[in-house]
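Work through the aromatic contacts in the entry below. Each exercise is followed by its solution.

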Amino acid sequence: MGFFNNLVFSLRTYFSGALVFNKETRNKFREEILSLTVSRTKLILIVVFLIQISNLITDISTQNTPGYIWQGYELTYFIGIYLLIFVAIIFSIIIKISEHYKHKLKYLTRNIIIKSTWIFLLGGTLFFCFSDIAYKNVLSNFTLIILITGVMPIFNPVELFSIVGSYSMICLTWAFICKMDSSFIQQIIVLVIIALFTSNSQYKNSINIFKEREALREANQKLYYLSETDQLTGLLNRRGLNTNIYNLIQNVKTEEDIISVIMVDIDFFKKYNDKFLHSGGDRCLNIIGESIKNCINTKDYDIAARYGGEEFIVIAKGLNSEKTLKLAIKIKDTIAKLQIPFDLNDGFPFVTISEGTYISKLDYEKDDLERFIKNIIDEADKQLYNAKENGRNCISYQNVLYR
């Protein structure tokens, strides 16, 4: 059983290489392939339309003699051409509408529309091709459409083999019943095989290209993360702060909304660093950075960043003065509960922090956002300076100290 299961999995992987992706990536790959196939479907519909029009014009000009009446096969042939042209136009409209509303339509619905288009096109062209062989004893230019129809889509090869294989069996059965020339049958089989293997090759290439692009995207994401993250604390760095504060303010809906800024500074950190060396200072910064991050609500786009050295900054939206002070007190109390030993902290046995808070409504002009951000940070920094000048281990808001 183990060998059989491995064999089945290997075959499925060969025919559907997308199985190597996880669910999320596979869905993304399927969407990408569907979008690409939609583009190609639009092109093949145009090709089919032009070829049919060309056939129609040629046959009409050839057989347009006085007293000539279309009947039998010829009448069916021309009705079929008109029908193929009409349905090509209808499918073009349906695809256009489905793409316009693709965010509302499920993947399955859009996929069914595309598959139905290709089934119709391939079935219709195979029918006309074998009709030409049966009644005119010629291999018509519909064989070109067979090749194009097989080559153009990038389907899962299992789906393509199912569609083309089913039609091929039907047409071959019909060909043997009608006792067609074997050379025609062989040529059709060759065209179908070429189309199948070409499409399978395209599908495999699409998987490889997608993998390479995903790997590049992940690498770029990692580089982007590294460029905006402080490696010591895991918080945002100054660059990340600048990017995220813009996003935060843009998520605030009205000018009545409030932005709160809390500047945090570790008291006498230079002394701490001198006593416990840089390794001890790094551990202290890491612990305090993690604690500050745990105090904020990241679901509401609140930001915690290392501002520089032993300074941190917290930016939140929608907090009034009372809630902002509560958040500042929560941060201060959280650090105090850590009880990080430090006997050079001006009478306190543990590491403490000082905080400066500032609250502002969004009353800036549209083109003045950068200056507004600078001003609110500067105001919070002034409050932090006030806290440090008045004994540290406290919170300053509007020059009032909270211990």
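**Aromatic cluster**

Phe 269, Tyr 272, Phe 276 and Phe 342 form one aromatic cluster. The model is predicted: local features need pLDDT of at least 70, side-chain atom pairs count only at pLDDT 80 or more, and totals for chains, interfaces and linings use all residues. Numbering starts from 1 along each chain as its sequence is written, and side-chain values use heavy atoms, without hydrogens and water.

**Exercise 1.** Classify the pair formed by Tyr 272 and Phe 276.

*Solution.* Rings of Phe, Tyr and Trp (its six-membered ring) pair if their centres lie within 6.5 Å; planes under 30 degrees apart are stacked, over 60 edge-to-face, the rest tilted. Here the centres are 4.4 Å apart and the planes make 35 degrees, a tilted pair. Both residues, Tyr 272 and Phe 276, belong to helix H9 (residues 269–295; a DSSP run of H or I, at least four residues). They are four residues apart, about one turn of the helix.

**Exercise 2.** Is Tyr 272 buried or exposed?

*Solution.* Tyr 272 has a relative accessible area of 7%, so it is buried (under 20%; exposed is over 50%, partly exposed in between; 1.4 Å probe, protein chains only). Phe 276, at 30%, is partly exposed.

**Exercise 3.** Classify the pair of Tyr 272 and Phe 342.

*Solution.* The centres are 5.2 Å apart and the planes stand at 75 degrees, so the pair is edge-to-face. Phe 342 lies in strand S4 (residues 341–345; a DSSP run of E, at least two residues) and Tyr 272 in helix H9, so the pair ties together parts 70 residues apart in sequence. Both Tyr 272 and Phe 342 are buried.
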